[in-house]
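Colleague: Please take me through the pockets first, in plain words.

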Amino acid sequence: MGQPCSIWRRLVGMETMDGAGVKLRRFIGTRELLQQDPFLLLDAFYSDDPESYIAGFPDHPHRGFETVTYLIAGKMAHRDSYGNHGLLLPGGAQFMRAGRGIIHSEMPQQEQGLLWGYQLWVNLPAREKMSQPRYQDIQAEEIPLVEHDGARIKVISGVFNGVQGPAQGFYPLDYWDIEVPASAKTTIPVADDKTVLVVVVTGEGKLGGENIAYPEVLLLTPGDLVALESRNNLRVLLMAARPIGEPIARYGPFVMNTHSEILQALEDLEKGVLGRRG
């Protein structure tokens, strides 16, 4: 029997707007919790009111980290300054390394209906902050499904029971979509040296014997297993990655190690060289 994780902190999050007026709830990247190494930001967006999302996220810059977007419902188009473009569909994921700098847009491709998804920002170690930007679209049919101990697990990134997720070439991240049927229990193995974050997507149940329910976000204590029990078709996202342990300098869309690197990013943006190929 391993060491079970327990709930260390329940994140309430805060209602805010980003992009050109998209309403969302921010769980990491707030006064409540600025960051939890290596996680820099976690946003949840959920609305069937087009007025709250239709303006999307027009062109904006990033440097020094990666974004991971997972879409439950709706359609979102990506386009960036390196010529990448793609359409994210329900059940799909988008991984983007900003690295040394990228300018991109994320625009809803619908005028009605539900838009529901999550965006996670993952820090990069100093040696990779100025690396080549890259992008990967992963559609739902590319994500392997694993049956494990009464649960169904979609392996988006990382390895689960020997099954490798399709995300390749990004900071090592376990990103698993876990469904536990009503009245079922399951035990999910995790590495005890990783920061573990659990997002309740739907339903209610227990984690480590404590009640959990949508739309909670939970930070867990170190351990090597997560015990889940479903009362009502529990679905969670589990995200886990090793802390980097380096200084963080942060200003809006830039996350570096020093203040001078932030100033350089701002200067590069003003000169028009940030996000330029070559």
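Colleague: Which strand gives the largest share of the lining of the largest pocket?
Modeller: S5, with 5 residues. A strand here is a DSSP run of E, at least two residues, numbered from the N terminus. Note that the model is predicted: local features need pLDDT of at least 70, side-chain atom pairs need 80 or more, and totals for chains, interfaces and linings use all residues. Residues are numbered from 1 along each chain, and side-chain values use heavy atoms, without hydrogens or water.

Colleague: Where is S5, and which other strands supply at least two residues?
Modeller: S5 covers 57–62. The others are S3 (22–28), S4 (39–47), S10 (102–108) and S11 (115–123).

Colleague: How much space lies in that pocket?
Modeller: About 360 Å³. A pocket is an open set of points on a 1 Å grid where a 1.4 Å probe fits, with protein on both sides within 12 Å along at least five of seven lines; lining residues have an atom within 4 Å of a point.

Colleague: What about the second largest pocket, how many residues line it?
Modeller: The second largest pocket has 16 lining residues, and those nearest its centre are Arg-25, Ala-44, Phe-45, Tyr-46 and Tyr-214. Its volume is about 210 Å³.

Colleague: Which strand gives the most there?
Modeller: S3, with 4 residues. S4, S11 and S19 (195–202) also supply at least two each.

Colleague: New topic, Asp-174. Buried or exposed?
Modeller: Buried (under 20% relative accessible area, 1.4 Å probe, protein chains only). The value for Asp-174 is 8%, and the residue lies in S17, which covers residues 174–180.

Colleague: What does the side chain of Asp-174 make a polar contact with?
Modeller: The side chain of Lys-194, at 2.7 Å.

Colleague: And which residues is Asp-174 in contact with overall, sequence neighbours within four places aside?
Modeller: Lys-194 again, along with Ser-157, Gly-158, Val-159, Leu-238, Met-239 and Ala-240. Contact means heavy atoms within 4.5 Å, while a polar contact is an N or O pair within 3.5 Å, one able to donate a hydrogen and the other to accept it.

Terms used
Grid points are joined across faces, edges and corners, and a volume is the space filled by probe spheres set on the points. Buried means under 20% relative accessible area, exposed over 50%, partly exposed in between (1.4 Å probe, protein chains only).
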